[in-house]
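This report describes a structure through its strands, its helices and the charged pairs that link them. The sequence and the model are shown first, and the description follows.

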Amino acid sequence: LKDRHWRQVRKTLNINKKENQLTLGIMLDSPLKSSEKLLKDIILHAQGEMALEQFMTDLRDNWNTAQLELVDYQNKTSLIKGWDELFTKLDDHLSSLNSMKQSPYFKVFEDDSISWEGKLSKLRLIFDIWIDVQRRWVYLEGIFYGSADIKQQLPNEFARFKSIDQEFIQLMRNVRYKPSVLNVLSLTNVQRTLERLSDLLDKIQRALGAYLERQRASFPRFYFVGDEDLLEIIGNSKDPLQVQRHVSKMFAAISTLEVNIKQNYVEGMVSREGEIVRYDTSIDVNKLSKINEWLSEVEIQMQLSLATLLEKSVGAIPTSTDNTNDSMNHFLNWVHQYPAQIVLLAASVNWSNIVENALPKENLLSTSVLNKIILILTLLADQVLETNLDPSRRKTYEQLITEFVHQRDSTRRLINDQSNNKNDFSWVYQLRYYWKPI
């Protein structure tokens, strides 16, 4: 029971004595029985108000002692962390303060409650802007101070960011000096300052987005990487080794590039399985000023080198395969000489050629084409069974087996259909590959 409750008790019982004169005897002489209901209401109110008072006391103690959790950032400034916990606490207390208004005992705490609701609502608004400003400052700080390229490409935005950087660091110094959460409310024009910083950072990010869009337009494969990865690529434009980890995102099936570190040349490409394809012409990164220029050369060399290898492999594929060691070794040497993709494509081109040549000639499909395919399948099946076979070579053999099984089945179908013309439907509906050099 608080003083206000005792005043109500004395009024109800018509006791004119002052509080310090009230004794148990006076209480017993008063009309307690007839005032029982009114006294119980006073006690009930006191109990209800006690729960609210305890909440308000806890809330006041909590926020009066609450400190912002700070972490050092690159020995340059401090940053606020533990945002989730901070926002959860703010939201919980704001929700509880709002729920208090529905209580029949709220009136006594109305002023105090409204005051705290105003403080916490303002804190929530300030921290909403603050977390966004801090996140974007960290992102842009890494870009502008981590890449000389970006400074040169966006000089106006860099100058604007330097001004923001100084202001933000000063703000964080003030917070570090007095890390109390409630102290944020006493910082001069803190909300207006954060809103202005947020607006300026937004303009810088839009300019940065437009710059990245121009980069992607100059080399469309940049669309396969996110903004942060693209900025890292641009920031290391003269260092192929640093660009390596993003190559697989831009070029399917390429894991890394083959780089001559001493001369800074790109000399080839490497698959995830470790298969290396060397370029016909090495790319001198030092002679190409922009990242998109030498990556475009990588793309061109990728196509030209594979085309050249395909032309060589189609011309070098063994035309006759009989059941002799020399013939078998000749075929295996041809397989080992080229990348798996080229070997498979050349084998498909070769099959289309030999089938079309054999179609008009009686029994040539069965006596020459089919027998040759069966011999190769037998050879490959024996090779796969070897225990000390290199994993990448085993994979090439397995893929060739799949291809030659298809060729064997398709050839048998042509024989069964008695096809003798390359315009027969049995042949026309097959998947055929032709090499037509330009």
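In this predicted model, Asn 260 has Tyr 265 of strand β4 as its bridge partner, and Tyr 265 is in turn bridged to Asp 284 in β5. These pairings belong to an open sheet of three strands, in the order β3-β4-β5 and with antiparallel pairing, in which β3 (254-260) and β5 (276-284) are the edge strands, each pairing on one side only. Neighbouring strands of the sheet are turned against each other by 25° on average, direction ignored.

Six bridges join β3 to β4, whereas five join β4 (residues 265-271) to β5. Strands β3 and β4 form a hairpin with four residues between them, and Asn 264 in that turn has a positive phi of about 60°; β4 and β5 likewise form a hairpin with four residues between them, where Gly 274 in the turn has a positive phi of about 95°. Because five of its seven residues are buried, β4 is largely enclosed by the rest of the structure.

Helix α10 (residues 240-250) lies across β3 and β4 and runs at about 160° to β3, while α11 lies across β3, β4 and β5 and runs at about 135° to β5. Helix α11 (residues 291-316) has 26 residues and reaches 37 Å from its first C-alpha to its last, close to the 38 Å expected at 1.5 Å a residue.

Trp 294 touches Ser 237, Pro 240, Val 243, Leu 257, Val 266, Ile 283, Val 285 and Leu 288, not counting residues up to four places away in sequence. In the largest nonpolar core, which has 113 residues, Trp 294 is, with Trp 63, Phe 127 and Trp 130, among the residues that touch the most other members. The largest share of this core, 13 residues, comes from helix α5 (residues 110-144).

Trp 130 is also one of the contacts of Leu 171, along with Leu 187, Val 190 and Leu 194, when neighbours within four places in sequence are left aside. Leu 171 is found in helix α7 (residues 155-177) and counts as buried because its relative accessibility is 9%, under the 20% limit. Leu 171 and Leu 194 are 23 residues apart in sequence, and their C-alpha atoms are 9.4 Å apart in space.

A search of the whole structure finds 21 salt bridges, and the table gives three of them.

| Salt bridge | Closest N to O distance |
|---|---|
| Arg 124 and Asp 128 | 2.6 Å |
| Asp 202 and Arg 136 | 3.3 Å |

Arg 124 and Asp 128 are four residues apart in helix α5, so they are separated by about one helical turn. Asp 202 lies in helix α8 (residues 190-218) and Arg 136 in helix α5, so this pair ties together parts that are 66 residues apart in sequence. Asp 202 is partly exposed, with a relative accessible area of 27%, whereas Arg 136 is buried, at 7%. Both residues belong to a network of salt bridges that also links Asp 132, Arg 135 and Arg 206. Asp 229 lies in helix α9 (residues 227-235) and Lys 249 in helix α10, so their pair ties together parts that are 20 residues apart in sequence; Lys 249 counts as partly exposed, at 35% relative accessibility.

Definitions and conventions: Residues are numbered from 1 along each chain as its sequence is written. This is a predicted model: local features need pLDDT of at least 70, side-chain atom pairs count only at pLDDT 80 or more; totals for chains, interfaces and linings use all residues. Side-chain values use heavy atoms; hydrogens and water are left out. A nonpolar core is a set of buried Ala, Val, Leu, Ile, Met, Phe, Trp, Tyr and Cys residues joined through side-chain atoms within 4.5 Å. Buried means under 20% relative accessible area, exposed over 50%, partly exposed in between (1.4 Å probe, protein chains only). Helices (H or I, at least four residues) and strands (E, at least two) are DSSP runs, numbered from the N terminus. Contact means heavy atoms within 4.5 Å. The expected span of a helix is 1.5 Å times one less than its number of residues. Two strands pair if DSSP finds at least two bridges between them. Axes are lines fitted to C-alpha atoms, for helices over the stretch in contact, and angles run from 0 to 180 degrees between N-to-C directions. A salt bridge is a side-chain nitrogen of Lys or Arg within 4 Å of a carboxyl oxygen of Asp or Glu.
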